[in-house]
Amino acid sequence: MTVQPIRKPTRILGIDPGLRRTGWGVIEVEGNRLVFVGCGSIEPSERLPLAGRLLAIHEGLAAVLGDFHPAEAAVEQTFVNKDGVATLKLGQARGVAMLAPAMFGIEVAEYAPNQVKKTVVGAGHAEKNQIAVMLKILLPKAEPQSSDAADALAVAITHAHHRQSTALRLKVASL
């Protein structure tokens, strides 16, 4: 009789960075099985100066990290648009979103928006409502209250599907 090793589920934090709303989603993955753990969004006051909003995002993510104790994290890459100033500000929010898990000793993977959509929906140019439909199928207990939280769950799912190849790329890059 062969005893199978006990597999421990891996908890993953997905982050959809933004200055107005930073979405977060936590799932557990064990083999091919995905389990919803929690999701939400951090919404700094728009009256705060940029530095204050970035601080609020950091504090919010630190609270999520402290409450849920993920082992891995993933962040959506910045979508570059025609407004350079807006893109730079979004990049600052993304930097904070990457810094928070790193301060907890968690490596952070990055995924392009089209890769997230392709992984979850099967098409790189999927609409937000298509992502919401697939989330209900993949994580039936999840009921994200915002599209940012839904996007963060999609980022976490993407990482769950690509984490082995991402870990290999990180290992090779560190050589």
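Residue numbers start from 1 along each chain as its sequence is written. In this predicted model, local features need pLDDT of at least 70, side-chain atom pairs count only at pLDDT 80 or more, totals for chains, interfaces and linings use all residues, and side-chain values use heavy atoms, with hydrogens and water left out.

**View 1. Overall fold of the protein chain.** The chain has five helices and five strands. These are DSSP runs numbered from the N terminus: helices are H or I with at least four residues, strands are E with at least two. From the N terminus on, the order is β-β-β-α-β-α-β-α-α-α. Of the 175 residues, 41% are buried. Buried means under 20% relative accessible area, exposed over 50%, and partly exposed in between (1.4 Å probe, protein chains only). Take the contacts (heavy atoms within 4.5 Å) with a separation of 6 or more: residues 24 or more positions apart account for 61% of them.

**View 2. The largest pocket.** The space in this pocket is about 710 Å³. Of its 30 lining residues, Asp 16, Pro 17, Gly 18, Leu 90 and Asp 148 are the closest to the centre. Helices H2 (84-103), H3 (113-120), H4 (128-138) and H5 (147-173) each supply at least two lining residues. A pocket is an open set of points on a 1 Å grid over the protein atoms alone, where a 1.4 Å probe fits, with protein on both sides within 12 Å along at least five of seven lines; lining residues have an atom within 4 Å of a point. Grid points are joined across faces, edges and corners, and the volume is the space filled by probe spheres set on them.

View 3. Pro 113, Val 116 and Val 120 are the buried residues of H3. Viewed down the helix axis, they fall within an arc of 60°, so they line one face of H3. The arc is taken from the directions from the helix axis to the C-beta atoms. Gly 122 follows H3 and has a positive phi, near 105°.

View 4. Ser 146 sits in the loop between H4 and H5. Ser 146 is buried, at 17% relative accessible area. A polar atom of its side chain lies 3.1 Å from the backbone nitrogen of Ala 149.

**View 5. His 69 and its backbone.** His 69 lies in the loop between helix H1 (50-68) and strand E4 (72-76). Its phi is positive, about 50°, although His 69 is not a glycine. Most residues other than glycine have a negative phi. His 69 is exposed, with a relative accessible area of 59%.

How values were computed
A polar contact is a pair of N or O atoms within 3.5 Å; within protein, one must be able to donate a hydrogen and the other to accept it, and residues adjacent in sequence count only if both atoms are side-chain atoms.
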